[in-house]
Amino acid sequence: MFSCESTSPPRSEEPAISDPRTNDRIRVPEVRLVGPSGEQVGVVPIETALRLAADADLDLVEVAPNSKPPVAKIMDFGKFKYEAAQKQKEARRNQANTILKEVRFRLKIDKHDYETKTKRAVGFLSQGDKVKAMILFRGREQSRPEMGVRLLQQFAEDIAEFGTVESSPRIDGRNMVMVIAPLKNKSEAKAEQNARRAEEKASRKAAAGSTDE
């Protein structure tokens, strides 16, 4: 007579490869346990860790499997996964929203024009966008690429407070280009801009209130 037991593994046998092991999937004799508020409980038998997690109506999650013994934390695993997914989504959105702005220079640029272009680049970087600095060579200027490199290096130094060189000066056809990446991403730049606007609004309101007295 055939056995009624199924030979196929249970559906919940293993989590996705990217997921940490949780609860009864943690098959080690003991773990270094971290409590739900981040408190260090110490090294305890796996049965004790599972019981404490169950008593708290939470999950036991293996957060450092390569440690000896592995480190496990008591937490709400569903909430943890949701927050991690949201962070990844936000990171992808920031990456997708980053725009490559272009600032063009002539090799023999005058001081006022250079300052105007630099100020424009600072504005782009402050908003979380990348800047492609391009030097347009004319005629025999192409035989003096070292002058273009010096100009772009000076430009990079002048905006170092707002961006860092992502790709060094290189020849691109008849031009020379360099890419500057912002020090702050889109979300950071937007949050800072909103905070600055709120501060300015509060200052104006306070100033208006003092004139009414």
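Q: With which residue do the side chains of K117 meet in a salt bridge?
A: This is a predicted model, in which local features need pLDDT of at least 70 and side-chain atom pairs count only at pLDDT 80 or more, while totals for chains, interfaces and linings use all residues. Residues are numbered from 1 along each chain as its sequence is written, and side-chain values use heavy atoms, with hydrogens and water left out. A salt bridge here is a side-chain nitrogen of Lys or Arg within 4 Å of a carboxyl oxygen of Asp or Glu. At 4.0 Å, N to O, K117 meets the side chain of D113.

Q: How many residues apart in helix α3 are K117 and D113?
A: Helices (H or I, at least four residues) and strands (E, at least two) are DSSP runs, numbered from the N terminus. About one helical turn separates K117 and D113, because their spacing in α3 is 4 residues.

Q: Over the ring of which residue does the charged end of K117 sit?
A: A charge sits over a ring if NZ of Lys or CZ of Arg is within 6 Å of the ring centre and within 35 degrees of the ring normal. The charged end of K117 is 6.0 Å from the centre of the ring concerned, that of F105.

Q: At what angle do the ring planes of F105 and Y114 stand?
A: Rings of Phe, Tyr and Trp (its six-membered ring) pair if their centres lie within 6.5 Å; planes under 30 degrees apart count as stacked, over 60 as edge-to-face and the rest as tilted. The structure holds 3 aromatic pairs. The rings of F105 and Y114, with centres 5.9 Å apart, form a tilted pair because their planes stand at 40°.

Q: How many residues apart in sequence are the parts that the pair of F105 and F155 ties together?
A: Both F105 and Y114 are buried. The rings of F105 and F155 lie with centres 5.1 Å apart and planes at 65°, so this pair is edge-to-face. F105 belongs to strand β5 (residues 100-106) and F155 to helix α4 (residues 145-158), so the separation of the parts tied together, in residues, is 50.

Q: What is the average twist from one strand to the next in the sheet?
A: Two strands pair if DSSP finds at least two bridges between them. 4 strands make up an open sheet with mixed pairing, in the order β5-β6-β8-β7. β5 and β7 (163-172) have a single partner strand each, so one side of each is left without a neighbour in the sheet. With angles running from 0 to 180 degrees between N-to-C directions, and axes being lines fitted to C-alpha atoms (for helices over the stretch in contact), the twist averages 20°.

Q: To which residue does K130 connect by a salt bridge?
A: K130 is partly exposed, with a relative accessible area of 26%. Its salt bridge has closest N and O atoms 3.0 Å apart, and the partner is E166.

Q: How many residues apart are E62 and R21?
A: E62 and R21 form a salt bridge, with their closest N and O atoms 2.7 Å apart. E62 is in strand β3 (residues 59-64) and R21 in the segment before β1 (30-34), so the pair links distant parts of the chain, and their separation in residues is 41.

Conventions
Buried < 20%, exposed > 50% of the residue type's maximum accessible area, 1.4 Å probe, protein only.
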